[in-house]
Amino acid sequence: MKKKGMMCFLSLLLMAALVLSVQGTDTKAAKKKYVKSLKVSKTTVSLAVGAKAKIKATVKVSGKVKKTVSVKSSNKSVAKVKAGKANTKGVTSLTITAVKAGSANVTVTTKSKGKNKKVLKKTIRVTVKGSSSNTGSTGGTSGKTTGTSGNGSPSTGTPSTGKPSTDTPSTDTPSTDNPTQEEPVSPEVKWSVTEEKFTGYYSYQNEETGLTENLPKELTRKYVSFNPWPTTNAQIEYVIKNCDDPFVVGSLYVVALDNFVYNGLGNYTGEVYKMLDTLMSGAGTVTGSSYQLSNYAKQQICGFGNKQVLCKDGTALNVSTFASRAYLKGATPYNNYTPEGGMADKTKWQIVMDEYVYCGDLAKGYITVCPQRYTEETDGGEQKVMEHWQGIRIGMRWNKTAQVWLPTDNTALNTEPTGALTPFNVEKQVLFSSNYMAPVADQGF
């Protein structure tokens, strides 16, 4: 009996140990089931009324835990938010829709708890500007951002601009500083952007050999279109105030360049100079003479616009009649700078905007963008994408208070900028210098 009792006791002891072991394992496993992190692709969004933004919320977990999130707007009359379904990687697509001017906070919350037994939260600050439903969108994360009207469809047709409709722009400079309009031009403009990556190269001095080497770097290229093509200062101002993409804002310099053909360059109070002043000041965000073109700068720009290039057949062309088209997709010296989509409809034009290889950190609010003109470069007999002369390099800094991109001297952006803004003067760019040589085939380009 004693032996039998002892065996029974040992069996009970073993069973208890097994139970405790299982409980310990379960407890240990339970500790591994939690949300590790919650991230959102943007923490601030600036939208025009009627526009939408796509944001990604990413949830990472430990163990079998739900990766879903809930969303809530602090002011639905200003901005609404809707969440899609989380995919297997824990990524949920959020759609924020701007309703009316104002501000709101969108709160993203995990449905499962974190390691500290609390749900994780992220806040997205939404600023809505403007009062019309015909707006441009700041876009999202898809690689294509499009400005659309409030019902989601872009307007059709090209508004009357009073500009020549022939394929070859007139080389005559009108005496008026604005194109004639049958009706007042609306300040509202839509924009669309497509994006791709390309390989650029930056120079680096090898400390061991003392030689300069070209090293590759992946950069962003964007193609920017406007509908309608801006022809007034009010339209330039509208885009600056309602767009949070520095590539789009930087492309407005090409738009202003195009308006040289149709606006009197000799009239220093004309529309084209107002456009450049508006760009320099961030639509009035900064004030003072440093952020406006001087008369000397206007003289330099006027001289550039009226400069002529002599072709082999003896034809003299004003630089301003084709210089802007040199920055459009598909336009080359060998097709008379005819862009994709042709000459008649400027809403089909795509301005090529490159990220500059040396300067840029969008997360910290600074970047240098370059309207990119056509060039051909070879390396060892093979054509390659290389860093080359752009003619315009525009440093951009994000102003958190005014929610606009301000142009600045690109040389100040090799490191994260702090302190006062260095005024950007487009007149000092190589494009407008006295030694500018137009990139036409007849000149060896």
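## Basis

The structure is a predicted model.

## Helix 3 against helix 4

Two packed helices are described by the angle between their axes and the distance between the axes. For helix 3 (residues 246-258) and helix 4 (residues 271-280), the angle is about 165 degrees and the axes lie 10 Å apart. Helix 3 is therefore roughly antiparallel to helix 4, since angles over 145 degrees are counted that way. The two helices cross in a left-handed sense.

Helix 3 contributes Val 249, Leu 252, Tyr 253 and Ala 256 to the contact, and helix 4 contributes Val 272, Met 275, Leu 276, Leu 279 and Met 280. By class, the contact of helix 3 with helix 4 has nine nonpolar residues, no polar and no charged ones.

## Helix 2 against helix 4

Helix 2 (residues 233-242) packs on helix 4 at an angle of about 15 degrees, with the axes 9 Å apart. This makes helix 2 roughly parallel to helix 4, and the crossing is right-handed.

On the helix 2 side, the contact is made by Asn 233, Ala 234, Ile 236, Glu 237 and Ile 240; on the helix 4 side, by Glu 271, Lys 274, Met 275, Thr 278 and Leu 279. The residues of this contact divide into five nonpolar, two polar and three charged.

## Burial of helix 4

How many of the ten residues of helix 4 are buried? Nine are, so helix 4 is largely enclosed by the rest of the structure. The buried residues are Glu 271, Val 272, Tyr 273, Met 275, Leu 276, Asp 277, Thr 278, Leu 279 and Met 280.

Just after helix 4, Gly 282 has a positive phi of about 60 degrees.

In soluble globular proteins, nonpolar side chains tend to be buried together. Here the largest nonpolar core holds 59 residues, and Phe 226, Leu 276 and Ile 351 have the most contacts inside it. Helix 3 supplies the largest share of this core, with nine residues. Leaving aside residues up to four places away in sequence, Leu 276 touches Tyr 253, Ala 256, Phe 260, Leu 293, Ile 301 and Val 426.

Another core, of 27 residues, lies apart from the largest one. Its members include Ala 57, Val 78, Ala 79 and Val 108.

Notes
Residues numbered from 1 in each chain as written. Predicted model: local features only at pLDDT ≥ 70, side-chain atom pairs only at ≥ 80, totals over all residues. Heavy atoms only, no water. Axes fitted to C-alpha atoms, helices over the stretch in contact; angles between N-to-C directions. Helix = DSSP H or I, 4+ residues; strand = E, 2+ residues; numbered from the N terminus. Parallel < 35°, antiparallel > 145°, perpendicular 65-115°, else oblique. Left-handed = near helix turned anticlockwise from the far one by under 90°. Contact = heavy atoms within 4.5 Å. Nonpolar A, V, L, I, M, F, W, Y, C, P; charged D, E, K, R; others polar. Buried < 20%, exposed > 50% of the residue type's maximum accessible area, 1.4 Å probe, protein only. Core = buried A, V, L, I, M, F, W, Y, C linked by side-chain atoms within 4.5 Å.
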